[in-house]
Amino acid sequence: GTDVIRKEDKVRVFGANLDSKIASRGEGLQNYEEPKVPQKMMDELLMRYGGDLEAAKKELRRRDIKTKEAETYFRVGVKLMERGKYKEAILQLDLAISAVPGGGLSREGGQYLIWLGQALDADGQRGKAVLTMRDLREHEDRDVRRVAKSIEFILTSPEIKLNKKNFQYFDIDQLDAIKAGKNALKYSKMEKQPEKYSLEWYMMQPPPPKETASNRSGNMGLAVAASAVTLLYLLTLYI
């Protein structure tokens with residue numbers, strides 16, 4: 001299931017917390033400003049650029065531009081999916097994964113890959129969809145791993161084939177009449193049964209139990225005993 005924790009924050013999907021601007025269904029993809037740059041990221045950039053603060057800021061601006069570019073591709077891809085244009089959606093999602101900083105290895109890229117897997121499945125490419133989810137088992141982000149595992153389970157589960165016998169049908173008009181208080185319609189008409197002892201009636205009866213050897217010998221013993229009693233009774237009449 002999917003639950004929005006906070007409109008500007010996370011969405012609960014299969015027990016994982018995904019970004020609401022990527023995963024929020026029903027509420028729509030959210031727009032919100034990213035929080036301040038994590039200190040860990042800033043430290044890594046400063047280390048990469050030898051403590052050059054301006055170079056680190058420049059890299060942050062570049063990452064921000066690429067992130068927004070990826071989000072644009074992603075949103076177009078989602079809109080295409082909603083319209084049933086899955087092949088075009090796959091192309092846009094691929095562009096989003098390529099554009100986002102860190103690619104598919106990043107948290108955002110991993111979430112885009114989850115959408116890509118669903119688009120592939122909708123396009124009839126279930127094999128590729130399963131492989132996409134399977135590859136995400138080793139993703140660095142725990143939430144991405146958890147969701148991918150759940151989707152892979154769904155994609156690889158046996159298909160349930162249903163027919164008309166698996167469904168219960170109701171007469172909506174009749175239910176509305178009952179709700180309105182028309183007691184005459186509370187009970188559905190019973191199907192007319194065949195007349196007792198008619199051919200149709202006999203056809204509906206369950207077959208008699210099969211007679212076993214022990215039953216036959218028992219019945220024969222009862223018949224002999226009955227015959228002996230009858231014979232003794234007749235002899236008393238002539239004595």
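These legends walk through several close-up views of a predicted model.

**View 1. The whole chain, before we zoom in.** The protein chain has ten helices and three strands. Read from the N terminus, the elements run β-β-β-α-α-α-α-α-α-α-α-α-α. Of the 239 residues in the protein chain, 28% are buried. Among contacts with a separation of 6 or more, 39% join residues 24 or more positions apart. The protein chain exposes about 18,100 Å², and carbon and sulfur atoms supply 57% of that area.

**View 2. The largest nonpolar core.** This core has 34 residues, and those that touch the most other members are Phe 74, Leu 93, Tyr 112, Trp 115, Leu 116, Leu 136 and Val 147. At least two core residues come from each of strand S2 (10–13), strand S3 (16–19), helix H1 (20–23), helix H3 (53–82), helix H4 (86–99), helix H5 (107–122), helix H6 (126–135) and helix H7 (142–156). Helix H5 gives the most, with seven residues. For a look at one member, find Leu 116: leaving aside residues up to four places away in sequence, Leu 116 touches Ile 90, Leu 93, Asp 94 and Ile 97. As background, nonpolar side chains tend to be buried together in soluble globular proteins.

**View 3. An aromatic cluster of Phe 74, Tyr 112 and Trp 115.** These three residues form one aromatic cluster, and the structure holds two aromatic pairs. The rings of Phe 74 and Tyr 112 have centres 4.8 Å apart and planes at 25°, so this pair is stacked. Phe 74 sits in helix H3 and Tyr 112 in helix H5, so the pair links distant parts of the chain, 38 residues apart. Phe 74 is buried, with a relative accessible area of 1%, and Tyr 112 is buried with a relative accessible area of 1%. Phe 74 also pairs with Trp 115, this time edge-to-face, at 5.5 Å centre to centre and 80° between the planes. That pair, too, links distant parts of the chain, with Phe 74 in helix H3 and Trp 115 in helix H5, 41 residues apart. Trp 115 has a relative accessible area of 14%; being under 20%, Trp 115 counts as buried.

**View 4. Gln 111, a buried residue of helix H5.** Gln 111 lies in helix H5. With a relative accessible area of 2%, Gln 111 is buried. Its contacts, not counting residues up to four places away in sequence, are Leu 18, Asp 19, Ile 22 and Val 144.

**View 5. Gly 104 in the loop between H4 and H5.** Here we step off the helices to Gly 104, in the loop between H4 and H5. Gly 104 touches Ile 97, Gly 109, Gly 110, Leu 113 and His 139, again not counting residues up to four places away in sequence. Gly 104 and Leu 136 are 32 residues apart in sequence, while their C-alpha atoms are 9.1 Å apart in space.

View 6. A search of the whole structure finds nine salt bridges. In the one shown here, the closest N and O atoms of Asp 141 and Arg 107 are 3.0 Å apart. The pair links distant parts of the chain: Asp 141 is in the loop between H6 and H7, and Arg 107 is in helix H5, 34 residues away. Asp 141 counts as buried at 15% relative accessibility, and Arg 107 counts as buried at 18%. A network of salt bridges links Asp 19, Arg 107, Asp 141 and Asp 143.

View 7. The closest N and O atoms of Arg 134 and Glu 152 are 2.8 Å apart. Arg 134 is partly exposed at 35% relative accessible area, whereas Glu 152 counts as buried at 5%. Lys 66 and Glu 69 meet in a salt bridge of 3.3 Å, N to O. Both lie in helix H3, three residues apart, or about one turn of the helix. Lys 66 is partly exposed at 25% relative accessibility, and Glu 69 is partly exposed at 30%.

**View 8. A nonpolar patch on the surface.** Ile 160, Leu 162, Phe 167 and Tyr 169 form this patch, with about 500 Å² of accessible area together. Leu 162 lies in the loop between H7 and helix H8 (172–179). At 52% relative accessibility, Leu 162 counts as exposed.

Notes. Residues numbered from 1 in each chain as written. Predicted model: local features only at pLDDT ≥ 70, side-chain atom pairs only at ≥ 80, totals over all residues. Heavy atoms only, no water. Core = buried A, V, L, I, M, F, W, Y, C linked by side-chain atoms within 4.5 Å. Buried < 20%, exposed > 50% of the residue type's maximum accessible area, 1.4 Å probe, protein only. Helix = DSSP H or I, 4+ residues; strand = E, 2+ residues; numbered from the N terminus. Contact = heavy atoms within 4.5 Å. Areas by Shrake-Rupley, 256 points an atom, 1.4 Å probe, with all protein chains shown as cover. Phe/Tyr/Trp six-rings, centres within 6.5 Å; stacked < 30°, edge-to-face > 60°. Patch = residues over 30% accessible without salt bridge, like charges linked within 9 Å, V, L, I, M, F, W, Y side chains within 5 Å. Salt bridge = Lys/Arg side-chain N within 4 Å of Asp/Glu carboxyl O.
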